[in-house]
Amino acid sequence: MALIFNAKVALFEALKGRVPASTQCTFADTGKADRRSQVWLGETTDEDLEPVAMRAGPRKPTSVSGYVEAHALVVSAGGPIAAERAVYELRDCIADACMSVDRASIPGLLDLRPESASVDSAETTDGAYSALTVRVRVRGRVT
């Protein structure tokens, strides 16, 4: 069952077209903090796999529920307010990307939407940074 993974790939493709040109967008964390603005996709979890029908044979219709984490980091020479404002703009890009995914192109996908977000900001001697994690809920049904 690759429903969650397929949704993650579609989200990445949609996200590439939505983030500002000055923001690095990658499928996974590059491990480098040398960019001023970056977005990447993180953990993928199949949270709930529940058979929904009695059927003979090994493949039964299954409701799939899980999530993909989207992360963003902004480093700003200004204060923490500027960094946090920028990260909230990236959160809106992530939400827009979720809405733009063509659900019909992914067999079984019913819903893809941001469920929650957390932001952490701090000031350093180099300026300020703000880090964002958006939990994107994925729901579907596969056979």
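Residue R139 touches L3, V64, S65, G108, L109, L110 and D111 when residues up to four places away in sequence are not counted, a contact being defined by heavy atoms within 4.5 Å. R139 lies in strand β5, where helices (H or I, at least four residues) and strands (E, at least two) are DSSP runs numbered from the N terminus. The residue is partly exposed, with a relative accessible area of 35%; buried denotes under 20% relative accessible area, exposed over 50%, and partly exposed the range in between, for a 1.4 Å probe and protein chains only. Between R139 and A53, which are 86 residues apart in sequence, the C-alpha to C-alpha distance is 17 Å.

The structure is a predicted model, in which local features need pLDDT of at least 70, side-chain atom pairs count only at pLDDT 80 or more, and totals for chains, interfaces and linings use all residues. Residues are numbered from 1 along each chain as its sequence is written, and side-chain values use heavy atoms, with hydrogens and water left out.

The protein contains two helices and five strands, arranged from the N terminus in the order α-β-β-β-α-β-β. Along the principal axes, its C-alpha atoms fill a box of roughly 65 × 25 × 20 Å. Of the 143 residues, 39% count as buried. Among contacts between residues at least 6 apart in sequence, 64% join residues at least 24 apart.

Strand β5 (residues 127-142) is paired with two other strands, pairing being assigned if DSSP finds at least two bridges between them. With strand β4 (residues 109-124), β5 runs antiparallel and is joined by 14 bridges. A hairpin of two residues connects β4 to β5. Within β5, V134 is the bridge partner of A117, and V138 is that of L112. Strand β3 (residues 62-76) is also antiparallel to β5, the two being joined by 15 bridges. Here the bridge partner of S76 is A128 in β5. In a regular strand, side chains alternate between the two faces of the sheet.

Strand β3 also contains G66, which is buried with a relative accessible area of 0%. Excluding residues up to four places away in sequence, G66 touches I4, T45, D46, E47, V136, R137 and V138. The C-alpha atoms of G66 and D48 are separated by 6.4 Å, although the two residues are 18 residues apart along the chain.

One of the residues touched by G66 is I4, which is found in helix α1 (residues 3-16). I4 is buried, with a relative accessible area of 3%. Apart from neighbours within four places in sequence, I4 is in contact with T44, T45, D46, V64, S65, G66, Y67, V68 and V138. A disulfide is a covalent bond between the sulfur atoms of two cysteines. A search of the whole structure finds zero disulfides. C93 is in no disulfide, the nearest cysteine sulfur, that of C25, being 9.5 Å away. C93 is buried, with a relative accessible area of 12%. The sulfur of C98 is 11 Å from the closest cysteine sulfur, in C93, and therefore too far for a bond. C98 is likewise buried, with a relative accessible area of 0%.

The protein exposes about 7,800 Å², of which carbon and sulfur atoms supply 51%; accessible areas come from the Shrake-Rupley method with a 1.4 Å probe, and for residues only the protein chains shown count as cover. The mean positions of the 17 positive and 19 negative charges are 7 Å apart. Lys and Arg count as positive and Asp and Glu as negative, while His and the chain ends are not counted. The place of a charge is taken as NZ of Lys, CZ of Arg, CG of Asp or CD of Glu.

Conventions:
A disulfide is a pair of cysteine sulfur atoms within 2.5 Å.
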